[in-house]
Amino acid sequence: MREALRLAQESAAAGEVPVGAVVAVGTEIVGRGANSPLSRSDPTAHAEILALREAAAKLGNYRLEQATLCCTLEPCVMCAGALVAARIRRLIFGARDLRFGGVRSKFRLADSEVLNHSVEIVEGVLAPDCVALLREFFEARR
C-alpha cells in the first residue's frame with residue numbers, strides 16, 4: 001500500500017486526483033498505476049486499470065488469479081468490473097469513495113453473488129494516509 005500511496009502522490013503532483021494502485025503476485029509488484037485520465041485524455045486511465053494492464057502484459061495473461069490489487073481509494077464501478085474480469089484474487093484498498101465506490105460504498109460489484117468471480121476484499125489499510133492525501137488535494141483546489 002505504501003507504493004500505491006507513492007503513486008497517488010505522483011498523480012497529485014501532476015494535477016490528477018491522487019489515486020495509486022499496484023498489482024502484486026506474492027511479494028513481487030507486477031503492475032503499477034497512477035491515476036492519469038486528464039494527462040492521457042483517457043477516461044479509462046484510472047490507477048487500477050493501468051496497474052491491471054501492466055500486470056497482464058508482464059505476466060502474458062489477462063487472468064490474474066493469484067494477484068492482489070492494492071489501491072488507495074475504493075475502486076469505481078468500471079474498475080471493480082475490471083477486477084472481476086481479470087479474476088483478481090484479493091483487493092486491498094485504503095479509503096472508501098462515498099460518491100462513486102463500486103465495491104462497498106455505492107455498489108458491491110467485486111464480490112457480487114450473481115457474477116462468475118468473487119474478489120476477496122480488505123478495506124481500510126492505511127486509510128488515514130489515503131484520506132489525508134485526498135483531502136489535501138481537494139482543499140488546495142477550493
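The legends below describe close-up views of a predicted model.

In this predicted model, local features need pLDDT of at least 70 and side-chain atom pairs count only at pLDDT 80 or more, while totals for chains, interfaces and linings use all residues. Residues are numbered from 1 along each chain as its sequence is written, and side-chain values use heavy atoms, with hydrogens and water left out.

**View 1. Helix α1 and its length.** Helix α1 covers residues 2–13, and its 12 residues reach 17 Å from the first C-alpha to the last, close to the 16 Å expected at 1.5 Å a residue. Helices are DSSP runs of H or I with at least four residues, strands are runs of E with at least two, and both are numbered from the N terminus; the expected span is 1.5 Å times one less than the number of residues. Just after α1, G15 takes a positive phi of about 85°.

View 2. A4, L5, L7, A8, S11 and A12 of α1 are buried (under 20% relative accessible area, with exposed over 50% and partly exposed in between, for a 1.4 Å probe and protein chains only). Seen down the axis of α1, these buried residues fall within an arc of 160°, so they line one face of the helix; the arc is that of the directions from the helix axis to the C-beta atoms. The face turned away from the buried side carries the exposed residues R2 and A13.

**View 3. The surroundings of α1.** The buried residues of α1 pack against β1 (20–25), β2 (28–34), β3 (67–73) and α5 (127–140), where contact means heavy atoms within 4.5 Å.
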